[in-house]
Amino acid sequence: MKKQETSVDSPASRNKQGSGQALSGQNLNKQSSIQNPQALTGQDSGWQGSVQTYQILPEQAGERLDKFLSMACGGYSRSFIQKLAKDGRVLVNQKVQKSNYKVCQNDCIQITIPPVTELEILPEDIPLDILYEDSDLLVVNKPKGMVVHPSAGHFSGTLVNAVLYHCKDSLSGINGVMRPGIVHRIDMDTTGTLIICKNDNAHIKIAEQIKSHSVTRRYVGIVKGIAKQESGTVEGAIGRHPVDRKKMAINLPHGKHAVTHYKVLERFSKHTYMEFELETGRTHQIRVHMASIGHPLLGDEVYGAGKSPWKLQGQTLHAATIGFIHPVTEEYLEVTAPLPEYFEELLKKGL
């Protein structure tokens with residue numbers, strides 16, 4: 001592997017010895033300072049940082065592009081490299097390539113690594129219900145109505161604002177400046193367990209477990225109608241609705257594989273209290289799957305039909321339990337969040 005590093009218009013530049021031979025045969029040692037390269041903004045403007053160039057040797061041919069770069073660059077995860085490739089920051093022979101591209105002898109690979117971006121989302125002193133915390137992560141019990149991370153129309157009062165205040169500078173940066181520490185999400189009106197990562201090592205290892213579907217995720221919810229089966233499985237690919245882009249839909253050609261297991265906890269006169277266990281974690285998965293079999297979640301105004309006789313704020317769904325292998329101790333950790341008060345009151349009413 002031959003390597004060349006150049007610095008592009010970065011005021012934060014500093015000298016750092018390159019680890020390889022330049023394409024020109026000279027050793028270039030100027031590189032921009034990158035304190036937190038994982039803090040991507042996702043914006044096309046203002047990308048100023050280190051540009052690294054590599055030429056593939058015969059023995060490196062056939063390797064996946066993301067795997068090659070994660071080893072060649074040193075210190076950067078494959079997920080970070082994949083994010084750069086998705087954003088068009090990885091070129092092979094002057095053309096954008098996907099992460100799974102197999103490199104060929106004499107390929108010229110260029111990767112642009114952004115410098116640190118200052119976080120503009122402000123910390124806010126919002127109380128957190130912390131179920132578990134150590135130096136690597138915390139598990140919080142997210143309340144109903146709280147958005148997980150800032151987005152259009154929600155730049156304040158989010159879970160990210162709250163954890164920034166609580167954790168200060170100790171948050172992973174892999175998901176960018178808008179989502180520090182966030183490794184997975186639950187809907188605004190879904191309550192319950194959510195993992196927050198304090199460093200990139202924890203983030204990478206938890207993300208790998210989520211991707212391999214090895215994380216235990218159990219939810220409880222109240223659905224409309226009386227479920228006939230004691231338990232069952234809904235399997236159907238979930239993707240963006242072809243007409244209403246704010247909704248998801250089942251069994252679409254472009255959808256992603258999704259599996260939800262359910263079982264009855266208690267039957268009422270018009271509703272059923274159920275437990276759900278996810279094999280996958282698609283957007284609105286439980287809501288879409290249960291609506292597809294005629295049992296939409298109580299209070300779900302997006303996938304349900306008809307008004308609820310009770311004043312509810314969105315779907316009656318609670319992320320009760322999350323279990324995973326701790327990224328440092330490598331021991332299984334399972335955390336459970338108690339039912340919110342409104343949920344318990346509904347169960348007492350008999351439904």
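**A guided reading of the model**

Modeller: G304 is partly exposed, with a relative accessible area of 24%. This glycine is found in the loop between α5 and β17. Please bear in mind that the model is predicted.

Biologist: What distance separates the C-alpha atoms of G304 and M290?

Modeller: M290 belongs to α5, where it is among the buried residues. Along the chain, G304 and M290 are 14 residues apart. Their C-alpha atoms are separated by 9.6 Å.

Biologist: How many helices and strands does the chain have, and what share of its residues is buried?

Modeller: The secondary structure comes to six helices and 18 strands. The chain has 351 residues. Of these, the buried share is 48%.

Biologist: What percentage of the contacts with a separation of 6 or more comes from residues 24 or more positions apart?

Modeller: This question concerns pairs of residues according to their positions in the chain. Among contacts with a separation of 6 or more, residues 24 or more positions apart account for 65%.

Biologist: Why is helix α5 described as largely enclosed by the rest of the structure?

Modeller: Helix α5 covers residues 285-292, and it is largely enclosed because six of its eight residues are buried. The buried residues are Q285, I286, R287, V288, H289 and M290.

Biologist: Which residue with a positive phi follows α5?

Modeller: The helix is followed by a residue whose phi is near 85°. That residue is G294.

Biologist: Which residues touch the most other members of the largest nonpolar core, and which element gives the most to it?

Modeller: The largest nonpolar core has 29 residues, and L159, I196, Y219, M274, F276 and I286 touch the most other members. Elements that give two or more residues to this core include β9, β10, β11, α5 and β17. The element that gives the most, with five residues, is α3.

Biologist: Which residues does I286 touch, leaving aside those up to four places away in sequence?

Modeller: I286 is a buried residue of α5. Leaving aside residues up to four places away in sequence, its contacts are Y219, T260, F276, L278, L297 and L317.

Biologist: How far from R217 is the nearest side chain of opposite charge, and which residue carries it?

Modeller: R217 lies in strand β11, which covers residues 216-224. R217 is buried yet has no salt bridge. A salt bridge would need a side-chain nitrogen within 4 Å of a carboxyl oxygen. The nearest side chain of opposite charge is 8.7 Å away and belongs to E277.

Biologist: Is I109 buried or exposed, and what is its relative accessible area?

Modeller: I109 is found in strand β7, residues 108-113. Not counting residues up to four places away in sequence, I109 touches residues including Y54, L65, F68, V90 and V103. Two of the residues named there, L65 and V90, are included in a second, separate core of 19 residues. I109 is buried, with a relative accessible area of 0%.

Biologist: In which sense do β8 and β9 pair, and which residue stands opposite V139?

Modeller: Strands β8 and β9 form a hairpin with three residues between them. They pair over three bridges, and the sense is antiparallel. The residue opposite V139 in β9 is Y132.

Key:
Residues numbered from 1 in each chain as written. Predicted model: local features only at pLDDT ≥ 70, side-chain atom pairs only at ≥ 80, totals over all residues. Heavy atoms only, no water. Buried < 20%, exposed > 50% of the residue type's maximum accessible area, 1.4 Å probe, protein only. Helix = DSSP H or I, 4+ residues; strand = E, 2+ residues; numbered from the N terminus. Lys, Arg positive; Asp, Glu negative; His and termini not counted. Core = buried A, V, L, I, M, F, W, Y, C linked by side-chain atoms within 4.5 Å. Contact = heavy atoms within 4.5 Å. Pairing = 2+ DSSP bridges.
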